[in-house]
Amino acid sequence: MKEEKAYKLLALQEGISNNEAKELIDSGLVSARGQKIVVARAMMSVTTKFSVQSMPKPSVIFEDENLIAINKPAFLTSEKVSQIYKFPLLHRLDKETSGVLLLVKNEEFQKKAIEEFKHHRVKKEYIAMVKGILSEDVRVDEPIITLKNKGGAYSKISKDGKEAVSIISPIMVAGKKSLVKVEIPTGRTHQIRVHLNHIGFGIVGDEKYAKNRSKRMYLHAYKIEILGYKFRANLGSDFNDFGFEIGKNFEV
């Protein structure tokens with residue numbers, strides 16, 4: 001069976017350049033036979049038919065003289081959002097994570113906000129879809145250490161790590177999956193992903209830690225409170241794909 005690199009086949013199928021095809025795959029927007037393509041140079045059959053999702057666009061939740069609150073879609077990097085709106089990031093979300101992302105508009109507010117993050121005075125709530133049925137609240141208090149290499153950051157629980165606390169509460173169950181709320185007084189790299197996987201409830205679509213694939217990683221930065229500001233980013237309709245009934249009036 002004749003094979004070719006995935007990005008070259010995609011470029012031919014979509015009538016785009018090789019670079020554009022590679023960027024689509026790297027962004028997590030391309031799948032084949034129901035599986036997301038994760039390696040642009042993977043060898044695949046020349047008869048492969050690809051499915052390409054359109055890149056969702058970020059939207060403004062709120063803006064004033066101090067900050068801009070953005071509802072960031074999955075697949076878009078925080079850095080790209082910063083480029084679009086032309087203001088620096090106050091914090092970051094993983095590319096695969098959707099939800100509230102804050103940009104700052106002046107140095108005075110930025111300094112105050114950084115102190116709030118530093119002293120764990122920022123309230124952050126996330127919503128995640130996990131594998132398994134979670135029926136009661138769980139508090140995970142396990143230190144996390146982050147290692148960085150060519151493949152990016154990788155975090156793990158370690159006695160040599162920094163304090164990391166996640167408070168997990170069930171919201172609803174559909175089939176063998178649960179929708180959960182996660183509050184994080186601390187904010188370590190990949191903290192929620194590591195802690196949920198540690199207790200046996202890996203996030204659906206978290207390939208790095210839970211080792212399972214889906215159309216996306218179902219983790220959403222739902223609420224954030226800082227210096228008197230409170231913002232919420234509603235869940236996307238894609239959370240309904242697994243049988244969860246999340247309507248317009250959904251609120252945690």
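Reader: Which residues is Val-30 in contact with, leaving aside its neighbours within four places in sequence?

Author: With those neighbours left aside, Val-30 is in contact (heavy atoms within 4.5 Å) with Leu-10, Leu-24, Ile-25, Gln-35, Lys-36, Ile-37, Phe-50, Ser-51 and Val-52. The model is predicted, and local features need pLDDT of at least 70, side-chain atom pairs count only at pLDDT 80 or more, while totals for chains, interfaces and linings use all residues. Residues are numbered from 1 along each chain as its sequence is written, and side-chain values use heavy atoms, with hydrogens and water left out.

Reader: Why is Val-30 called buried?

Author: Buried means under 20% relative accessible area, exposed means over 50%, and partly exposed covers what lies in between, for a 1.4 Å probe and protein chains only. Val-30 has a relative accessible area of 1%, and therefore counts as buried. Val-30 lies in strand S2, where a strand is a DSSP run of E with at least two residues and a helix a run of H or I with at least four, numbered from the N terminus.

Reader: Which residues make the contact of H1 with H2, and how do they divide into nonpolar, polar and charged?

Author: From H1 come Ala-6, Tyr-7, Lys-8, Leu-10 and Ala-11, and from H2 come Asn-18, Ala-21, Lys-22, Leu-24 and Ile-25. These divide into seven nonpolar, one polar and two charged, where Ala, Val, Leu, Ile, Met, Phe, Trp, Tyr, Cys and Pro count as nonpolar, Asp, Glu, Lys and Arg as charged, and the others, Gly among them, as polar.

Reader: Which residues of H1 are buried, and what covers them?

Author: The buried residues in H1 are Ala-6, Tyr-7, Leu-9, Leu-10 and Ala-11, and their cover includes strand S1 (3-5), H2, S2 (30-32), strand S4 (43-45) and strand S5 (51-52). H1 is followed by Gly-15, whose phi is positive, near 65°.

Reader: Why is H5 described as largely enclosed by the rest of the structure?

Author: Of the eight residues of H5, six are buried, so this helix is largely enclosed by the rest of the structure. The buried residues are Gln-191, Ile-192, Arg-193, Val-194, His-195 and Leu-196.

Reader: Which residues have the most contacts inside the largest nonpolar core?

Author: Such a core is a set of buried Ala, Val, Leu, Ile, Met, Phe, Trp, Tyr and Cys residues joined through side-chain atoms within 4.5 Å. The largest one here has 24 residues, and Ile-192, Leu-196 and Ile-203 have the most contacts inside it. Two or more residues each come from strand S7 (67-72), strand S8 (98-104), strand S9 (123-131), strand S14 (177-183), helix H5 (191-198) and strand S15 (219-226), and S9 gives the most, with three residues. Apart from this core lies another, of 14 residues, among them Leu-102, Val-122, Phe-231 and Ala-233.

Reader: How do you know whether His-190 and Lys-211 are buried or exposed?

Author: His-190, in the loop between S14 and H5, has a relative accessible area of 12%, and so it is buried. Lys-211, in the loop between H5 and S15, has 65% relative accessibility and therefore counts as exposed. His-190 has a positive phi of about 60° although it is not a glycine, and Lys-211 likewise has a positive phi of about 60° without being a glycine.

Reader: Why is Val-81 called buried, and which residues does it touch?

Author: Val-81, found in helix H3 (residues 78-85), has a relative accessible area of 0% and is therefore buried. Not counting residues up to four places away in sequence, Val-81 touches Ile-70, Lys-72, Leu-76, Leu-101 and Leu-103.
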